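Hello,

Here is the structure for you to look over. My notes on ring contacts follow below.

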Amino acid sequence: MGKDLLVPNYIFESSWEVCNKVGGIYTVLSTRAKTLQERFCDHVIFIGPDCWGEKRCPYFIEDSELFADWKKAEAERDDALGMKIGRWDVPGKPIAILVDFMPFFSIKNDIYTNLWELYQVDSLHAYGDYDEASMFSYAAGLVVERFYQFYLSENDKVVYHANEWMTGLGLLYIHHRLPQIATVFTTHATSIGRSIAGNNKPLYDYLFAYNGDQMAGELNMQSKHSIEKMTAKFADCFTTVSDITARECLELLDKPVDVVLPNGFENNFVPQGAEFTRKRRLARKRLIDVANALMGTKLDDDVLIVSTSGRYEFRNKGVDVYIEAMNRLLRDKELKKPVLAFIEVPGWVGEPRKDLVDRLASGKQYDTPLEVPLVTHWLHNMSHDNVLGMLKFLNMWNRPEDSVKLIFLPCYLTGDDGVLNMPYYDLVLGNDLCIYPSYYEPWGYTPLEAVAFKVPCITTDLAGFGQWANTVKGGNSEISDGVKVIHRTDYNYSEVADVIKDTVAEFSAYDKSQVKKARANADKLSEKALWSHFITYYYQAYDFALRKAEERKLGK
């Protein structure tokens with residue numbers, strides 16, 4: 001089959017998260033880059049927003065030699081684009097172009113009028129990040145157009161790959177101006193689906209009955225939904241990241257997905273051998289030291305460390321059901337070990353707790369808890385925070401006699417938070433179990449990362465990754481397989497909490513050989529999700545789009 005696929009000579013891929021680390025799509029693109037770079041050797045070009053101005057972008061290395069002749073010619077134009085050309089500082093070091101989109105705000109209304117006349121995209125209700133994303137997307141389209149006019153011709157097979165609604169306008173611009181370029185559009189989560197779930201509406205049982213346009217009006221999402229829907233309609237190849245999101249696209253965007261592109265990853269950041277053991281020991285010690293200083297406890301290495309992490313979407317990411325499960329675990333007679341549970345989601349963080357930092361610096365042991373022994377950093381909204389509010393409601397205060405202690409780490413774990421001072425990938429190693437009971441999760445990078453670090457995890461079949469794990473198993477994946485996949489619906493919150501509780505209790509009774517087996521199975525599963533396996537789906541998408549573009553050229 002591989003011989004029959006049409007292969008692009010050039011791939012342009014645009015995203016708001018190229019050289020801009022703000023979410024999971026950064027991980028998708030930056031880890032896939034190496035595999036593409038090895039195959040296409042500098043003929044894959046990423047386009048991202050220049051959000052940095054005069055400041056240096058920490059993820060980008062400028063290179064004045066790259067496309068110097070084009071840059072010189074561009075600079076001589078009256079309407080020259082502001083571009084930085086260089087390489088994305090990730091494995092593979094692919095070419096990246098960061099474009100200044102600010103000048104286009106002056107012609108924003110003309111751009112939107114043209115978009116309405118050509119594609120009936122409704123930009124009238126735009127607010128928030130819509131304008132910023134659209135001006136970047138338009139600028140990215142211009143970058144491709146001018147590169148194409150300078151270097152390429154109709155003999156070249158060119159693919160433009162746009163990620164998320166934020167890049168839709170640029171794709172439609174290319175579709176109109178350069179119809180010989182094949183376009184691929186990936187929605188990583190529909191804007192309206194995420195909004196329905198985030199507004200506590202039942203998404204799945206009623207999916208067949210929801211009208212995307214109607215819900216967009218109800219939830220004030222008209223413009224984002226409109227650009228996403230029209231981009232899906234006019235792209236040569238419309239893609240998403242999982243079967244569960246493909247169903248969502250069909251119902252809410254009225255367009256079936258052409259190819260599903262599951263998210264792979266590279267495991268070159270996972271330490272090996274003695275380094276793995278050393279880092280795991282360091283992570284456990286740090287987590288336990290912080291917990292003991294905060295709560296005045298004497299927990300030791302025998303404690304079972306569990307965590308959840310990700311974006312602060314309280315319901316969508318299952319943070320609520322995680323807390324509920326830990327509360328029920330407090331009274332579970334089957335629990336064989338004390339549990340130290342963490343919630344690692346960035347809240348509206350104020351500052352590291354000075355009293356906690358002082359205790360850690362002293363190196364002493366304490367037998368009294370600090371005030372509010374639930375949180376490592378003060379928040380700006382202590383009285384209105386969802387996590388702290390639920391802990392208070394459930395009367396969970398990390399009392400000395402409690403067999404389950406739950407601590408909120410409300411900051412980005414970048415290694416400089418002031419308390420843990422270790423990056424997330426170093427800390428995740430210290431867990432015995434990771435728990436991600438998502439309600440809305442198109443794919444699910446956090447469980448994939450956990451198993452890559454040999455940490456068994458719990459997720460749900462409403463996450464693309466959970467469904468994939470069940471497919472690999474050929475049935476319901478259990479914790480002994482490395483991933484426990486819980487069946488989740490719109491209405492079985494209580495049942496999910498019980499299954500999490502029972503799974504943690506079951507794992508606490510595992511002997512060393514059972515733990516070792518579960519960890520090995522987690523590792524084995526992660527290797528099946530490497531980009532070397534999943535990249536084939538992208539080649540199918542490129543082929544699908546190129547064939548559509550060929551038909552257009554031939555006037556079919």
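**Rings and charges**

Lys454 lies over the face of Phe276, at 4.6 Å from the ring centre. A charge is taken to sit over a ring if NZ of Lys or CZ of Arg is within 6 Å of the ring centre and within 35 degrees of the ring normal. Tyr439 has the charged end of Arg315 over its ring, 4.0 Å from the centre.

This is a predicted model, where local features need pLDDT of at least 70, side-chain atom pairs count only at pLDDT 80 or more, and totals for chains, interfaces and linings use all residues. Residues are numbered from 1 along each chain as its sequence is written, and side-chain values use heavy atoms, with hydrogens and water left out.

Rings of Phe, Tyr and Trp (its six-membered ring) pair if their centres lie within 6.5 Å; planes under 30 degrees apart count as stacked, over 60 as edge-to-face and the rest as tilted. By this rule there are 40 aromatic pairs. Phe40 and Tyr539 make an edge-to-face pair, 6.3 Å centre to centre with 75° between the planes. Phe40 lies in helix α1 (residues 24–40) and Tyr539 in helix α19 (residues 531–553), so the pair ties together parts 499 residues apart in sequence. Helices here are DSSP runs (H or I, at least four residues), numbered from the N terminus. Both Phe40 and Tyr539 are buried, meaning under 20% relative accessible area with a 1.4 Å probe, protein chains only.

Ring pairs also link Tyr10, Phe12, Phe67, Trp70, Phe147, Phe150 and Tyr151 into a cluster.

Regards

Note on methods:
Helix = DSSP H or I, 4+ residues; strand = E, 2+ residues; numbered from the N terminus. Buried < 20%, exposed > 50% of the residue type's maximum accessible area, 1.4 Å probe, protein only.
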